[in-house]
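Please keep the structure open while reading.

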Amino acid sequence: MAVSFLSMACNHCESPACMANCPVGAYTKLDNGVVQQDHELCIGCKTCIEACPYNAPFYDEETSKVFKCDMCIDRQEQGLLPACVAACPGMNIAAGEMEELQSTHQADIVSDENSGTKPNFVITVDPLLVEEPDDTAEEVLDTPIEINQDVIDAAGA
C-alpha cells in the first residue's frame, strides 16, 4: 500500500487573498515570501478565511482570533526547517524557492493558476498512487498468525 502526505497549510501565495481582504491589515508578505499574520491586530472577523481559496487560515474559538501557518519563521531564523518539513514521515514536504523546487521535483501539479492568488506549491504524485488499486487481490500472509486463546479469554474476563 502506498501512502503520501499533503500539507493543507498556507501556500504563502504571491498575491495572498487573506492579505488583500483583511480589513485591519493584519497580514504582511515578508521578503522571503512568507505571509505572516500579526495576531495582535487580528479582530477575528474571519474575512481572511472566506477570502482564502485553500481555507488555510482557521478561527480559534478560545482566543476569538484567526491563525495560519507562518512557515515556522522562528525555526527558520534558527536555521531549522519548518516543522511540517522536518516531521513529514514520507519526506513529501519540502520548503524553498519555487524555481528550485520545480527543478528538483518533477511536478505533476505546479501551483494553481485559476485561484488568482499564485500559491507557492509543487505536488508530485507518487507513481504507486497513480494506478488504480486491484480490488480483486487478496492479501496472503507469509507466516500464519497464531492465536493464543488464553490471552483472548483473559481480556474478555
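The points below go from the whole chain to single residues.

1. **Basis.** This is a predicted model, in which local features need pLDDT of at least 70, side-chain atom pairs count only at pLDDT 80 or more, and totals for chains, interfaces and linings use all residues. Residues are numbered from 1 along each chain as its sequence is written, and side-chain values use heavy atoms, with hydrogens and water left out.

2. **Fold elements.** The protein has seven helices and six strands. Their order from the N terminus is α-β-β-α-β-β-α-α-α-β-β-α-α. Helices (H or I, at least four residues) and strands (E, at least two) are DSSP runs, numbered from the N terminus.

3. **Burial and surface.** Of the 157 residues in the protein, 22% are buried. Buried means under 20% relative accessible area, exposed means over 50%, and partly exposed lies in between (1.4 Å probe, protein chains only). The protein exposes about 11400 Å², and carbon and sulfur atoms supply 51% of that area. Accessible areas come from the Shrake-Rupley method with a 1.4 Å probe; for residues, only the protein chains shown count as cover.

4. **Contacts along the chain.** Take the contacts in the protein with a separation of 6 or more: 42% of them join residues 24 or more positions apart. Contact means heavy atoms within 4.5 Å.

5. **Strand β2, Val-35.** Is Val-35 buried or exposed? Val-35 counts as buried because its relative accessibility is 1%. This residue belongs to strand β2. Leaving out residues up to four places away in sequence, Val-35 touches His-12, Cys-13, Pro-16, Cys-18, Tyr-27, Thr-28, Lys-29, Lys-68 and Cys-69. Cys-10 is 25 residues from Val-35 along the chain, and their C-alpha atoms are separated by 8.2 Å.

6. **Strand β2, Gln-36.** Gln-36 is also placed in strand β2, which spans residues 35–37. Its relative accessibility is 27%, so Gln-36 counts as partly exposed. Beyond residues up to four places away in sequence, Gln-36 touches Ala-26, Tyr-27, Thr-28, Leu-30 and Ile-73. Gln-36 and Phe-67 are 31 residues apart in sequence, with 9.7 Å from C-alpha to C-alpha.

7. **The segment before α1.** Asn-11 lies in the segment before α1 (17–21). Asn-11 counts as buried because its relative accessibility is 14%. What does Asn-11 touch, not counting residues up to four places away in sequence? The partners are Tyr-54, Pro-119, Asn-120 and Phe-121.

8. **A nonpolar patch.** Val-24, Leu-41 and Ile-43 make a nonpolar surface patch of about 240 Å². Patches are made of residues with over 30% relative accessible area and no salt bridge; like charges are joined within 9 Å, nonpolar side chains (Val, Leu, Ile, Met, Phe, Trp, Tyr) within 5 Å. A salt bridge is a side-chain nitrogen of Lys or Arg within 4 Å of a carboxyl oxygen of Asp or Glu. Leu-41 sits in the loop between β2 and α2 (47–51). Leu-41 is partly exposed because its relative accessibility is 40%.

9. **Rings.** The charged end of Lys-46 sits over the ring of Tyr-59, 4.1 Å from the ring centre. A charge sits over a ring if NZ of Lys or CZ of Arg is within 6 Å of the ring centre and within 35 degrees of the ring normal. The structure also holds one aromatic pair. Rings of Phe, Tyr and Trp (its six-membered ring) pair if their centres lie within 6.5 Å; planes under 30 degrees apart count as stacked, over 60 as edge-to-face and the rest as tilted.

10. **Positive phi.** Which value does phi take in Asn-55? Phi of Asn-55 is near 55 degrees, a positive value in a residue other than glycine. Asn-55 is in the loop between α2 and β3 (58–60). Its relative accessible area is 57%, so Asn-55 is exposed. Phi of Met-71 is near 55 degrees, again positive in a residue other than glycine. Met-71 lies in the loop between β4 (65–67) and α3 (73–77). With a relative accessible area of 22%, Met-71 is partly exposed.

11. **Helix α3.** Arg-75 is in helix α3. At 26% relative accessibility, this residue is partly exposed. Arg-75 touches Leu-80, Leu-81, Pro-82, Ala-83 and Ala-86, with residues up to four places away in sequence not counted.
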